[in-house]
Amino acid sequence: MRHLHLLLRRCLWLGMLLAAGTLHADPLQLCYDYGCAKQLEVEISEEARDWLARLFEHPQDASTERSQIQRAVQALYWLSAQNSPLWHDKGGDRFDNDADGRMDCIDHSHNDSAFLQFLATQGWLHFHRVDPIVRRTRWLVTQHFASHITEQDTGQEWVVDSWFNSFGEPPVVVPLALWKEGFSP
């Protein structure tokens with residue numbers, strides 16, 4: 001029954017693709033320098049789009065798709081840094097100093113969500129939907145933000161959080177409930 005559901009979803013997606021012609025993505029709107037103080041636009045080349053399409057070509061299950069999401073977000077950051085200072089970013093906020101390109105969790109959650117929305121718009125996410133950014137508050141003053149996905153079949157919620165790691169490393173993908181408890185790798 002599950003395979004039939006996936007087949008129907010793929011046929012629907014293929015029909016929409018053929019009806020709409022070639023999918024075109026507007027430039028991604030990203031930000032950096034803490035609190036989205038600076039913005040940049042990133043065009044996704046046809047070669048990058050083809051590589052990403054191949055990455056998501058054979059979705060096996062939700063767990064595999066989360067691994068594909070990690071690789072895709074990592075690759076999209078590398079692509080974005082080709083013409084921007086994003087590569088200066090260090091994990092967390094402690095080691096960024098005043099580097100141009102530094103990102104806090106607001107920047108990361110915005111960018112990660114933009115990447116996820118791009119993947120969803122292309123029709124590559126088969127097991128997850130992209131949800132609004134989530135926030136956790138600890139000790140009444142400390143807040144942390146992350147992008148948010150939900151597994152469609154189970155309703156299990158996850159965060160995709162690239163803030164913890166330095167530039168170029170894959171984001172952390174963990175259950176929302178664990179992240180809300182204060183998860184830190």
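Predicted model: local features only at pLDDT ≥ 70, side-chain atom pairs only at ≥ 80, totals over all residues.
Arg66 is buried, with a relative accessible area of 11%, and its place is in helix α3. Show what surrounds Arg66: leaving out residues up to four places away in sequence, it touches His128, Ile149, Glu151, Trp158 and Val173.

Take three of these partners in turn. With His128, the side chain of Arg66 makes a polar contact, side chain to side chain, at 3.2 Å. With Trp158, Arg66 lies over the face of the ring, 3.7 Å from the ring centre. With Glu151, Arg66 forms a salt bridge in which the closest N and O atoms are 3.1 Å apart. Glu151 lies in strand β4 (residues 142-151) and Arg66 in helix α3, so this pair ties together parts that are 85 residues apart in sequence. Both Glu151 and Arg66 are buried.

**Helix α3**

Colour by accessibility: the buried residues of α3 are Ala62, Glu65, Arg66, Gln68, Ile69, Ala72, Val73, Leu76, Tyr77, Leu79 and Ser80. Now go to the start of the helix, where a side-chain oxygen of Asp61 comes to within 3.3 Å of the backbone nitrogen of Ser63.

**Aromatic pairs**

How many aromatic pairs does a search of the whole structure find? The search finds six. To see one of them, select Tyr77 and Phe115, an edge-to-face pair with 4.8 Å centre to centre and 85 degrees between the planes. Tyr77 lies in helix α3 and Phe115 in helix α4 (residues 105-121), so the pair ties together parts that are 38 residues apart in sequence. Are Tyr77 and Phe115 buried or exposed? Both are buried.

Next select Trp163 and Phe164, which also form an edge-to-face pair, at 5.3 Å centre to centre and 65 degrees between the planes. Trp163 is buried, with a relative accessible area of 15%, and Phe164 is buried as well, at 13%. Then pick Phe56, Phe118 and Trp124, which form one aromatic cluster.

**Arg136 and Trp179**

Move to Arg136, in strand β3 (residues 128-138). Arg136 is buried, with a relative accessible area of 9%. The charged end of Arg136 sits over the ring of Trp179, 4.8 Å from the ring centre. The side chain of Arg136 also reaches the backbone oxygen of Trp179, at 2.5 Å.

Which residues is Arg136 in contact with, leaving aside its neighbours within four places in sequence? They are Thr142, Gln143, His144, Phe164, Trp179, Lys180, Gly182 and Phe183. Draw a C-alpha to C-alpha distance from Arg136 to Gly182: the two are 46 residues apart in sequence and 7.9 Å apart in space.

**Salt bridges**

The structure holds four salt bridges. One of them joins the side chains of Asp100 and Lys38, at 3.0 Å from N to O. Asp100 lies in the loop between α3 and α4 and Lys38 in strand β2, so this bridge ties together parts that are 62 residues apart in sequence. Asp100 counts as partly exposed, at 35% relative accessibility, and Lys38 is partly exposed too, at 36%.

Another bridge is between Arg129 and Asp131, with the closest N and O atoms 2.9 Å apart. Here Arg129 counts as partly exposed, at 42% relative accessibility, whereas Asp131 is buried, at 13%.

**The loop between β1 and β2**

Asp33 is found in the loop between β1 (28-32) and β2 (38-42), and it is buried, with a relative accessible area of 11%. Check its backbone: phi of Asp33 is near 65 degrees, a positive value in a residue other than glycine. Cys36 is also found in the loop between β1 and β2. Cys36 has a positive phi of about 55 degrees, although it is not a glycine.

Notes: Residues numbered from 1 in each chain as written. Heavy atoms only, no water. Buried < 20%, exposed > 50% of the residue type's maximum accessible area, 1.4 Å probe, protein only. Helix = DSSP H or I, 4+ residues; strand = E, 2+ residues; numbered from the N terminus. Polar contact = N/O pair within 3.5 Å; in protein donor to acceptor, adjacent residues only side chain to side chain. Contact = heavy atoms within 4.5 Å. Phe/Tyr/Trp six-rings, centres within 6.5 Å; stacked < 30°, edge-to-face > 60°. Lys NZ or Arg CZ within 6 Å of the ring centre and 35° of its normal.
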